[in-house]
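Open the viewer and get ready to select residues one at a time. Each stop below tells you what to pick and what is there.

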Amino acid sequence: MKFNDFTILYVEDDIDTQELIESILQAYFKEVFVASDGEEGLSIYKKKNPDIVLSDISMPKMDGLEMSEAIQKIDPQQLIALFTAFNEPKYLDKAGELGIDTYIMKPLDEKQFFNSLSFLAITLETKGA
């Protein structure tokens, strides 16, 4: 599926993972913005206003949940996906409280990854983005 009408902010502190996923996203999205931690992600979000936010949870300075919460204060309708190895109940519960749109588990499972992104793209299309 092509997502070339949409922009995405990808926030990941692990450089190897960041480079791999960024190259995948660049093949599909109109524009990909990349940040290495939640503070940088929030700053880029404010400047670029991407259609989708895709973030790791565990990062220095500001984690993905804190960043997601800050983004939702700016735009409660922002589509956010978490891409993480954390599946402990406390993270899932917090993601649920925040209304995170989808939770993608690491390591990368391409089918789950693209199914989740397709869900977000369909959501955007129905919202008339």
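Start with Glu88, which is partly exposed, at 36% relative accessibility. Keep in mind that this is a predicted model. Glu88 sits in a loop. On one side of that loop is strand S4 (79–84), and on the other is helix H4 (89–98).

Glu88 and Thr123 are 35 residues apart in sequence. In space, their C-alpha atoms are 27 Å apart.

Next, select helix H3, residues 64–74. Which residues of H3 are buried? They are Gly64, Leu65, Met67, Ser68, Ile71 and Gln72. These residues cover an arc of only 160 degrees around the axis, so they lie on the same side of H3.

What covers the buried residues of H3? The cover includes strands S1 (3–11), S3 (52–55) and S4, together with helices H2 (38–48) and H4. Colour these elements to see them around H3.

Stay with H3 and pick Asp63. Asp63 caps the N-terminal end of this helix. Look for one of its side-chain oxygens, 2.9 Å from the backbone nitrogen of Leu65.

Last stop: Ser55, in strand S3. Is Ser55 buried or exposed? Its relative accessible area is 0%, and buried means under 20%, so Ser55 is buried. Now show its contacts, leaving aside neighbours within four places in sequence. Ser55 touches Val11, Gly64, Met67, Ala81, Leu82 and Phe83.

Notes
Residues are numbered from 1 along each chain as its sequence is written. This is a predicted model: local features need pLDDT of at least 70, side-chain atom pairs count only at pLDDT 80 or more; totals for chains, interfaces and linings use all residues. Side-chain values use heavy atoms; hydrogens and water are left out. Helices (H or I, at least four residues) and strands (E, at least two) are DSSP runs, numbered from the N terminus. Buried means under 20% relative accessible area, exposed over 50%, partly exposed in between (1.4 Å probe, protein chains only). The arc is that of the directions from the helix axis to the C-beta atoms. Contact means heavy atoms within 4.5 Å. A polar contact is a pair of N or O atoms within 3.5 Å; within protein, one must be able to donate a hydrogen and the other to accept it, and residues adjacent in sequence count only if both atoms are side-chain atoms.
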